[in-house]
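Hi,

Here is the structure I said I'd pass on.

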Amino acid sequence: MLSQLLRQALFTLVHLVVSILVAVRNVYHRICYKKCILPENEVTKSDIKLILEHVPRVTKKLKHLVVVTDTKHHTFSDLARLVIWSLISGISYVSFYDITGDLKYHEEQLFHEVEKKKRGVPGCIKWFKKPDLNGYTNGLQAHTIVINIFTRKDGHQTIAQCIRQIAEDKVICNRKSIEFTAQELDNTLKLMYPSIPDPDLVLYTGPVCCTHGLLPWQIRLTEFIQMSLDHSVNVDNFVGALYKYNKCDQRFGK
């Protein structure tokens with residue numbers, strides 16, 4: 001009888017100790033979350049310092065960055081921070097390829113999020129198709145970055161539309177023969193698309209690398225690099241992707 005009571009008392013004591021340890025661990029994790037995770041929603045001084053420290057080591061010039069964007073996983077804060085990091089890195093063009101169509105519909109909301117995070121960061125951010133949303137830095141001349149948002153409609157559907165206009169002679173071009181050449185098609189596409197350089201690098205998150213119909217005639221020399229497996233966006237992954245791109249050796253079929 002005594003041994004049974006002793007066992008029950010020990011069991012109760014052990015259960016109490018475990019409950020206390022679990023409670024302490026939960027409180028600790030909450031404190032760490034507030035200290036470590038929440039600041040990621042902002043562009044911190046440590047972010048800027050990290051980029052300025054490592055970007056000079058990336059010798060391969062990156063002019064046009066494309067981010068495959070899924071608003072089911074990426075917040076406006078995530079995308080705004082990518083814009084600011086790219087501005088600090090000296091990238092001239094950043095394009096978001098919106099696979100859900102939601103980002104293009106809320107482009108102005110992204111603009112306000114970018115402007116909020118840009119405070120104190122020198123540079124000029126231009127929104128290609130929305131000149132009324134352009135932001136400048138106290139009238140000073142600084143590095144300029146151009147933002148574009150593309151969707152699936154800017155891929156195969158626009159090519160089909162372009163060919164349809166060519167067939168109906170709605171496009172004015174200098175025809176040198178009966179056949180329509182690749183150069184003429186390229187010149188016609190430039191009339192329908194902004195004059196931006198072909199993408200150098202495409203960043204994507206998640207376990208699957210998929211183009212989602214991304215501007216197929218422009219990515220023949222583009223590098224696709226996974227930024228994270230769990231769709232997270234942080235400055236370490238961004239810098240790591242730049243280092244991976246720096247190591248890529250384009251052999252052009254050789």
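Which residue in β5 is the bridge partner of L65? It's L201. This is a predicted model, where local features need pLDDT of at least 70 and side-chain atom pairs count only at pLDDT 80 or more, while totals for chains, interfaces and linings use all residues. Numbering starts from 1 along each chain as its sequence is written, and side-chain values use heavy atoms, leaving out hydrogens and water.

On to the sheet. Strands β1 (residues 64-69) and β5 (residues 201-205) pair in the parallel sense over three bridges (strands are DSSP E runs of at least two residues, helices H or I runs of at least four, numbered from the N terminus; pairing takes at least two DSSP bridges). They belong to an open sheet of six strands, ordered β3-β4-β2-β1-β5-β6 with parallel pairing. β3 (124-127) and β6 (223-228) stand at the edges with a single partner strand each, so one side of each has no neighbour in the sheet.

Helix α8 (residues 235-247) lies across β1, β5 and β6, at about 155 degrees to β6 (contact means heavy atoms within 4.5 Å; angles run from 0 to 180 degrees between N-to-C directions, with axes fitted to C-alpha atoms, for helices over the stretch in contact).

Then the helix pair: the axes of α3 (residues 76-89) and α5 (residues 107-118) come within 9 Å and cross at roughly 55 degrees. That makes α3 oblique to α5 (under 35 degrees is roughly parallel, over 145 roughly antiparallel, 65 to 115 roughly perpendicular, the rest oblique). Among the α3 residues meeting α5 are F76 and L87.

Cheers
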